[in-house]
Amino acid sequence: MIDLYSWATPNGHKAHIMLAETDLPYRLHRIDIGKGDQFRPDFVAINPNSKIPAIVDQEGPDGRPITVFESGAILVYLAQKSGKFLPTAPRRRYDVLQWLMFQVASIGQMYGQAWHFRSVAPERLTYAVERYTNEVTRLLRVMEHRLTDSAYLGDSEYSIADIAAWPWVKGSEKYGQDMRNFPQVTRWINTIAARPAVQRGLNALSAAA
Ligand SMILES: N[C@@H](CCC(=O)N[C@@H](CS)C(=O)NCC(=O)O)C(=O)O
């Protein structure tokens, strides 16, 4: 059994969607980051960085409990455990892993900062708003180019690279983007949204209420 510690945010949805897609049995523990649950000592013992998502798999690879934090590491762990969404052929595997790292290192950071400076910052800092909004536009151009040649981001088939990127990219309008400029990204967003497990994953926290 896997214990998932999470909340309804793009990073949390990566884990919800992966667990829905793989049908691995899990228990959901709410970490309300608005109320500061991420700083509770019992959660910090699981993720010293105080961020969701995190998992504890009671049956780790050696049969003993294992803790994994960082959404990218969680996706790789669950892919290996389930044998799904991470190809074993080396060339395809590294394609998926590089696009997974592109999400974790670039999409998460730039979308996160764009959201902060557009919607949360107590004063409007034009330089910061423009910098991060322009970075999101640049990343969408990179994805548009990739998705012109490939059905999915990491591989010709759906993979953990898509599961990582989709929860952020699906809401790009909220980050000041005109999606008419990105028809391939829009095609990809809609294809993934149509997967029943993706919708189950998005609703995981409300369904567990
Ligand atoms: N690099 C981390 C980022 C996780 C992250 O930023 N989680 C946010 C929610 S989307 C969080 O827990 N924020 C709480 C806080 O910053 O106090 C990952 O990919 O797992």
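Me: How does the radius of gyration of the chain compare with that of a compact globule of 209 residues?
Reply: The radius of gyration is taken over C-alpha atoms, and the globule rule is 2.2 Å times the number of residues to the power 0.38. For 209 residues a compact globule would have a value near 17 Å; the chain has 17 Å, which agrees. Its C-alpha atoms fill a box of roughly 50 × 45 × 30 Å along the principal axes. Bear in mind that this is a predicted model: local features need pLDDT of at least 70, side-chain atom pairs count only at pLDDT 80 or more, and totals for chains, interfaces and linings use all residues. Residues are numbered from 1 along each chain as its sequence is written.

Me: What share of the 209 residues is buried?
Reply: Start with the cut-offs. A residue is buried if 20 or more other C-beta atoms lie within 10 Å of its own, exposed if 12 or fewer, and partly exposed in between; C-beta atoms are placed from the backbone. Here buried residues make up 36% of the chain.

Me: What share of the contacts joins residues 24 or more positions apart?
Reply: Two residues are in contact if their C-beta atoms, placed from the backbone, lie within 7 Å. Among contacts with a separation of 6 or more, residues 24 or more positions apart account for 65%.

Me: How many helices and strands does the chain have?
Reply: Helices (H or I, at least four residues) and strands (E, at least two) are DSSP runs, numbered from the N terminus. The chain has 9 helices and 4 strands. From the N terminus on, the order is β-α-β-α-β-β-α-α-α-α-α-α-α.

Me: Which strands pair with β1, and in which sense, parallel or antiparallel?
Reply: Two strands pair if DSSP finds at least two bridges between them. β1 and strand β2 (residues 26-30) pair in the parallel sense over 5 bridges. In β2, Arg 27 is the bridge partner of Asp 3, and Leu 28 is the bridge partner of Leu 4. With strand β3 (residues 54-57), β1 pairs in the antiparallel sense over 4 bridges. There, Ile 2 stands opposite Asp 57.

Me: Is β1 largely enclosed or exposed?
Reply: Strand β1 (residues 2-6) has 4 of its 5 residues buried, so it is largely enclosed by the rest of the structure.

Me: What is the hand of the β-α-β unit made by β1, α1 and β2?
Reply: Point the strands away from you. A crossover is right-handed if the path from the first strand over the helix to the second then runs clockwise. β1, helix α1 (residues 10-22) and β2 make a right-handed unit.

Me: Is Arg 27 buried or exposed?
Reply: Arg 27 is in strand β2. It is exposed, because 12 other C-beta atoms lie within 10 Å. Leaving aside neighbours within four places in sequence, Arg 27 is in contact with Met 1 and Asp 3.

Me: And Leu 78: buried or exposed?
Reply: Leu 78 is in helix α3. It has 27 C-beta neighbours inside 10 Å, so it counts as buried. Beyond its neighbours within four places in sequence, Leu 78 is in contact with Met 18, Leu 19, Thr 22 and Leu 24.

Me: What about backbone angles: where is the cis peptide bond?
Reply: Most residues other than glycine have a negative phi, and most peptide bonds are trans. Here a cis peptide bond joins Ile 52 and Pro 53, with omega about 0°. Pro 53 lies in the loop between α2 (41-44) and β3.

Me: What is the phi of Ser 50, and what is that of Glu 70?
Reply: Ser 50 is not a glycine, yet has a positive phi of about 55°. Its place is in the loop between α2 and β3. Glu 70 has a positive phi near 80°, and is found in the loop between β4 (66-69) and α3. Ser 50 has 17 C-beta neighbours inside 10 Å, so it counts as partly exposed. Glu 70, with 16, also counts as partly exposed.
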